[in-house]
Amino acid sequence: MPGQADHQAHFDEVIARHDRIEPRDWMPDAYRRTLVRQIAQHAHSEIIGMQPEGNWISRAPSLRRKAILLAKVQDEAGHGLYLYSAAETLGVSRDDLVAMLLSGKQKYSSIFNYPTLSYADVGTIGWLVDGAAICNQVPLCRTSYGPYGRAMIRICKEESFHQRQGYELLMTMMRGTPEQRDMVQESVNRFWWPSLMMFGPPDESSPNTERSMAWGIKRNSNDDLRQKFVDMTVPQAQALGVSLPDPSLTWNADRGQHDFGQPDWDELFAVIRGDGPCNTQRLAHRRRAHEDGAWVREAASAFAAQEEPGHG
Ligand SMILES: [Fe+2]
Ligand SMILES: [Fe+2]
């Protein structure tokens with residue numbers, strides 16, 4: 001029987017060669033706990049993230065926009081399911097994870113605690129929020145835990161559709177009336193800073209980043225990803241004809257990157273604590289949906305029990 005030291009050496013060796021750890025492999029407890037927390041938080045974000053845009057499905061301005069938005073919101077539900085399944089391979093149950101979301105013990109992305117006030121927000125969320133999610137998630141396709149990385153590959157393909165539909169919606173509005181252009185600008189003004197917050201606090205106040213990177217769970221630091229997002233987004237904003245609400249945003253030729261201002265980090269911490277504009281509403285809606293869906297879960301379990309006689 002291999003001892004603890006052999007297990008650890010094998011794990012370290014897999015990580016060092018950038019290979020995948022699979023569910024049946026030995027892994028350090030802290031690695032498992034970190035993954036459960038990160039994947040669950042990610043799954044919760046997909047599910048809660050259905051709400052801000054779902055709010056506009058019944059008021060979409062055309063059948064085409066409604067079909068696009070429905071498809072997008074359904075994709076997010078699917079992302080949640082892939083991710084809950086990936087978390088379950090680590091030995092936790094989806095029921096327990098959902099209970100931790102509903103009780104507030106586990107978090108979801110702070111961005112979904114902001115309201116959607118106009119249809120332009122559907123476009124801005126696709127462009128900026130799904131755009132930031134793509135920057136965060138593309139490196140996760142190479143994360144060291146196999147089921148998580150494979151879930152991310154599927155998710156990223158759909159996220160790029162989300163980003164494009166948002167950009168296309170905004171482009172259409174920018175070609176419209178002055179009122180439509182104002183709606184887009186007002187929406188971008190509200191979502192710009194919260195989008196930058198999606199990458200998490202600055203590296204110096206993100207104590208777990210270093211360990212997650214050593215384990216190959218994270219491949220880039222928060223600040224690196226934020227920089228990448230800004231550099232990617234500025235030319236897109238120019239093409240759209242919107243301005244980004246940051247007076248210190250400027251090209252730095254020496255660095256070959258943009259300089260930009262920092263979001264209000266106190267605001268991020270307040271939203272994470274539960275004091276964002278929509279935290280209470282989002283969780284209350286999720287709890288109600290969970291209760292309303294109880295009969296579906298009961299029926300599905302009863303059906304599964306009938307299908308497999310002898311399996312209890
Ligand atoms: Fe998603
Ligand atoms: Fe998305």
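**Ground rules.** I'm working with a predicted model, where local features need pLDDT of at least 70, side-chain atom pairs count only at pLDDT 80 or more, and totals for chains, interfaces and linings use all residues. Residues are numbered from 1 along each chain as its sequence is written, chains are lettered from A and ligands numbered from 1 in the order in which they are written, and side-chain values use heavy atoms, with hydrogens and water left out.

**Iron site.** I looked up what holds the iron ion (ligand 2): Glu76 (OE), Asp130 (OD), Glu159 (OE) and His162 (ND1) coordinate it at 2.0 to 2.2 Å. Donors here are N, O and S atoms within 2.8 Å of the metal (3.2 Å for Na, K and Ca); water is not among the atoms, so sites may look incomplete. Along the chain, the donors of this ion are spaced E-x53-D-x28-E-x2-H. Asp130 sits in helix H6 (residues 120-137) and Glu159 in helix H7 (residues 146-174), so this pair, 29 residues apart, links distant parts of the chain. Helices are DSSP runs (H or I, at least four residues), numbered from the N terminus.

Why did I log the geometry around the iron ion (ligand 2) as irregular? Its four donor atoms subtend angles of 86 to 160°.

Asp130 and Glu159 are both buried (under 20% relative accessible area; exposed is over 50%, partly exposed in between, 1.4 Å probe, protein chains only).

**Salt bridges.** My criterion was a side-chain nitrogen of Lys or Arg within 4 Å of a carboxyl oxygen of Asp or Glu. The count comes to 13. Glu76 and Asp130 turn up again, linked with Glu53 and Lys72 in a network of salt bridges.

Then the individual pairs. Arg150 and Glu22 have their closest N and O atoms 2.8 Å apart. This pair connects distant parts of the chain, 128 residues apart: Arg150 is in helix H7, Glu22 in the loop between helix H1 (4-16) and helix H2 (29-48). Arg150 is partly exposed at 41%, as is Glu22 at 25%.

Arg17 meets Glu13 at 2.5 Å, N to O; Arg17 is partly exposed at 45%, and Glu13 at 40%. For Asp259 and Arg255 I noted 2.7 Å between the closest N and O atoms.

Key:
Tetrahedral: all angles 85-135°; square planar, octahedral: opposite > 155°, others 65-115°. Helix = DSSP H or I, 4+ residues; strand = E, 2+ residues; numbered from the N terminus.
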